[in-house]
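Welcome to a short tour of a protein model. Have a look at the sequence and the fold, and then we will go through them topic by topic.

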Amino acid sequence: MIKNQKVIITAGASGIGLETLKTFVAAGAKVAICDIDQGALEDVRAQYPDVFSNYCDVSDASQTESFIQSAASHLDGIDTLINNAGVGGPTARIEDITSAEWNKCLSVCLGAQFHCSRASVNFLKQSSNASIVNLSSAAGRMGFALRTPYAAAKWGVIGLTKSLAIELGEYNIR
């Protein structure tokens with residue numbers, strides 16, 4: 001039941017996000033995306049004029065709240081949130097990773113999923129077919145040498161997802 005679903009995709013202007021956008025649009029969903037790549041956003045706007053698209057750094061709580069509110073208004077609600085945004089983070093030994101690099105990776109890969117979920121949950125509670133899709137990685141199951149911030153964030157995504165399933169299940173949010 002994807003036709004007319006109201007879908008938000010973070011980092012939706014390229015890569016996995018763009019392919020997800022294409023799939024939902026082809027199935028008849030109403031889609032809103034955000035991204036930090038202005039050029040990619042312009043490409044999406046040119047190819048998919050009915051898709052609501054805005055710049056948003058989802059690691060920033062204020063920008064995220066504003067984007068989610070605008071997207072929900074444009075879509076007239078939210079049925080599906082796809083937390084796709086992520087960064088690879090530094091590739092280095094733990095002793096060579098700066099606090100800034102650590103914080104940036106966790107902020108984008110995990111914090112953004114928190115910000116987006118928190119900003120979307122009241123809209124999702126109003127949907128009769130609500131879901132949150134949080135993208136993680138094999139690094140979130142097995143670890144990943146020289147990529148500790150990324151692996152830690154992706155492990156965190158799995159914990160966040162399981163916790164949200166328990167917390168939001170009573171509202172029929174998958």
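Does Leu146 count as buried, exposed or partly exposed, and at what relative accessibility? At 38% relative accessibility, Leu146 counts as partly exposed, where buried means under 20% relative accessible area, exposed over 50% and partly exposed in between (1.4 Å probe, protein chains only).

A word on how to read the rest: this is a predicted model, in which local features need pLDDT of at least 70 and side-chain atom pairs count only at pLDDT 80 or more, while totals for chains, interfaces and linings use all residues. Residues are numbered from 1 along each chain as its sequence is written, and side-chain values use heavy atoms, with hydrogens and water left out.

**Backbone: positive phi values**

- Leu146 has a phi near 65°, a positive value in a residue other than glycine.
- Leu146 sits in the loop between helix H5 (139-142) and helix H6 (148-168); helices (H or I, at least four residues) and strands (E, at least two) are DSSP runs, numbered from the N terminus.
- Ala11 is not a glycine either, yet its phi is positive, at about 50°.
- The loop between strand S1 (6-10) and H1 is where Ala11 is found.

**The largest pocket**

- Rolling a probe the size of a water molecule over the atoms shows where empty space is left.
- On a 1 Å grid over the protein atoms alone, a pocket is an open set of points where a 1.4 Å probe fits, with protein on both sides within 12 Å along at least five of seven lines; lining residues have an atom within 4 Å of a point.
- The largest pocket has a volume of about 290 Å³, a volume being the space filled by probe spheres set on the points, which are joined across faces, edges and corners.
- Its lining holds 19 residues, and those closest to the centre of the pocket are Ala11, Asp35, Ile36, Ala85 and Gly86.
- Helix H1 (15-26), strand S2 (30-35) and helix H4 (99-124) are the elements that give two or more residues to this lining.
- H1 gives the most, with 3 residues.

**Salt bridges**

- Side chains of opposite charge can pair when their charged atoms come close.
- The model has 3 salt bridges, each being a side-chain nitrogen of Lys or Arg within 4 Å of a carboxyl oxygen of Asp or Glu.
- Lys22 pairs with Glu19, and their closest N and O atoms are 3.2 Å apart.
- Both Lys22 and Glu19 belong to helix H1, 3 residues apart, about one turn of the helix.
- Lys22 is partly exposed at 30% relative accessible area, and Glu19 is partly exposed at 44%.
- Glu42 and Arg45 form a salt bridge at 2.7 Å, N to O.
- Helix H2 (residues 38-47) holds both Glu42 and Arg45, 3 residues apart, about one turn of the helix.
- Glu42 is partly exposed, with 44% relative accessibility, and Arg45 is partly exposed, with 28%.
- Asp57 and Lys104 form a salt bridge whose closest N and O atoms are 4.0 Å apart.
- Asp57 lies in the loop between strand S3 (52-55) and helix H3 (61-75) and Lys104 in helix H4, so this pair ties together parts that are 47 residues apart in sequence.
- Asp57 is buried, with a relative accessible area of 19%, whereas Lys104 is partly exposed at 43%.

- Ser59 is in the loop between S3 and H3 and is buried, with a relative accessible area of 16%.
- The side chains of Ser59 and Asp57 are joined by a polar contact of 2.6 Å, meaning a pair of N or O atoms within 3.5 Å; within protein, one must be able to donate a hydrogen and the other to accept it, and residues adjacent in sequence count only if both atoms are side-chain atoms.
- Not counting residues up to four places away in sequence, Ser59 touches Thr64, Lys104, Ser107, Val108, Ala112 and His115, where contact means heavy atoms within 4.5 Å.
- His115, in helix H4, is buried, with a relative accessible area of 14%.
- Among the residues that His115 touches, not counting those up to four places away in sequence, are Val58, Asp60 and Ala61.
- Asn103 is also found in helix H4 and is partly exposed, with a relative accessible area of 47%.
- Asn103 and Leu124 lie 21 residues apart in sequence and 29 Å apart in space, C-alpha to C-alpha.
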